[in-house]
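I opened the notebook to look up a few things in this model.

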Amino acid sequence: MLVLAFDTATPAVTAALHDGERVLAESTTVDARRHGELLVPTIETVLREAGVSLGDVTAVVAGSGPGPYTGLRVGLMTAQALATSLGVPAYGVCTLDAVAYGSGLAGPFLVATDARRKEVFWGHYEDPRVRLSGPSVDRPQDLPGELPLVGAGARMYAETVGPSRVTDAPDYPFAGALAALAAEQLGEPDVREVVESGTHPVLSLPRPIYLRRPDAQVPSAPKKVST
């Protein structure tokens, strides 16, 4: 097994390689405006550091969001293109799941990432591997109370949700955690069939999770003006 994983659904452009036992290489750059420019060089970096070629990859995994439209599409389209050219399967994993897996928290908690418009994308987790609900999009003041919070969205609105609830954990979905979570699932029997049926709890087909319409809209037909 050699899993190439990456995520572009947040300001972090991140990629990693996992051999089924450990992360071989990982690289991350936080830059919300350069997803398209940075992703391929980041992939090349982890391949070089791991001492493997792209042809050695056996599965491609991309963060499927939720996240801003443009950045999210960069990762998913790259995953589909690489998988097609290599003849290997491509999968999606909810970006919030990667944040949860990398958090190191043991008990119930919430993950929140920045959704812009003064809102957050969030999910409720039983532990780092099990999502109980979400992903959803809401105002930070409408999040369920009491539970610890992790993620850049939580830190951004710490004064609103309560600073004591925001945990000292990675704000972004680093690809090492994404790759490790995916590698655990890829060892299961009949995993592809379960994913294609839409019933797998973690893996999905590499399609974006959109929780609202994009900011850019096709203009409607002009109104008729009567004279």
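In which strand does Arg116 lie? I looked it up: Arg116 is in strand E6, residues 109-116. This is a predicted model, so I keep to computed values.

**Entry 1: backbone**

I checked phi of Arg116 and got a positive value near 65 degrees, in a residue other than glycine. Most residues other than glycine have a negative phi, and most peptide bonds are trans. I then looked for cis bonds. The peptide bond from Gly65 to Pro66 is cis, with omega near 10 degrees. I placed Pro66 in the loop between strand E4 (59-63) and helix H2 (69-86). The bond from Gly134 to Pro135 is also cis, with omega near 5 degrees. Pro135 sits in strand E8, residues 130-138.

**Entry 2: annotation**

I turned to the record. In an unreviewed entry, UniProt places the feature "domain: Gcp-like" at residues 30-183. Over that range I read 38% helix and 25% strand. The C-alpha atoms at the ends of residues 30-183 are 24 Å apart.

**Entry 3: domains**

I looked up how the chain is divided. Domain 1 takes 3-94 + 173-204, and domain 2 takes 97-165. Their C-alpha centres lie 22 Å apart. I find 11 residues of domain 1 in contact with 10 residues of domain 2.

How much area is buried between domain 1 and domain 2? I read about 1,100 Å², with carbon and sulfur atoms giving 68% of that. On the side of domain 1, Pro66, Cys94 and Leu181 lose the most area to domain 2. Together they make up 40% of what that side buries.

I looked for charged pairs next. The count between domain 1 and domain 2 is one salt bridge. The side chains of Glu184 and Arg129 meet in a salt bridge, at 2.8 Å from N to O.

Which helix gives the most to the side of domain 1 that touches domain 2? I found helix H6, residues 175-186, with five residues. I then sorted the residues of that side by class. They divide into nine nonpolar, one polar and one charged.

Note on methods. Residues numbered from 1 in each chain as written. Predicted model: local features only at pLDDT ≥ 70, side-chain atom pairs only at ≥ 80, totals over all residues. Heavy atoms only, no water. UniProt positions renumbered as here; feature names shortened; annotations may be inferred. Helix = DSSP H or I, 4+ residues; strand = E, 2+ residues; numbered from the N terminus. Domains from an automatic or database assignment. Contact = heavy atoms within 4.5 Å. Buried area = accessible area lost by both parts, 1.4 Å probe. Salt bridge = Lys/Arg side-chain N within 4 Å of Asp/Glu carboxyl O. Nonpolar A, V, L, I, M, F, W, Y, C, P; charged D, E, K, R; others polar.
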